[in-house]
Amino acid sequence: MSGRLRAVLDVTSPEPLPPDSPLWDCDGVLLTPHVAGSKGNELRRLADAAAAEVQRWAAGQPFAHPVRRELLPLTA
């Protein structure tokens, strides 16, 4: 891989992704938790948080807010 980000996915079908989905292990794919129904000032905050996570990923740092496969059944 060239180090380029190929896709950032906020919504998948089905949602949540099943544990055996190939997207979990696909190079160049960043999966983010789906946050629906946001409006107002929080949209800016969510965008800033998403951008910060992509920057952390690009720098090889761990995510501040990782998506944990084992917690997917509990997330919206």
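Which residues lie nearest the centre of the largest pocket? In this predicted model, local features need pLDDT of at least 70 and side-chain atom pairs count only at pLDDT 80 or more, while totals for chains, interfaces and linings use all residues. Residues are numbered from 1 along each chain as its sequence is written, and side-chain values use heavy atoms, with hydrogens and water left out.

Leu30, Leu31, Thr32, Pro33 and Val67 lie nearest the centre of the largest pocket, out of 25 lining residues. A pocket here is an open set of points on a 1 Å grid over the protein atoms alone, where a 1.4 Å probe fits, with protein on both sides within 12 Å along at least five of seven lines; lining residues have an atom within 4 Å of a point. The space in this pocket comes to about 680 Å³, a volume being that filled by probe spheres set on the points, which are joined across faces, edges and corners. Helix H1 (42-58) and strand S2 (29-31) each supply at least two lining residues, and H1 gives the largest share, seven. These elements are DSSP runs numbered from the N terminus (helices: H or I, at least four residues; strands: E, at least two).

The second largest pocket has a volume of about 350 Å³. Thr32, Pro33, His34, Val67 and Leu72 are the closest to its centre among 20 lining residues.
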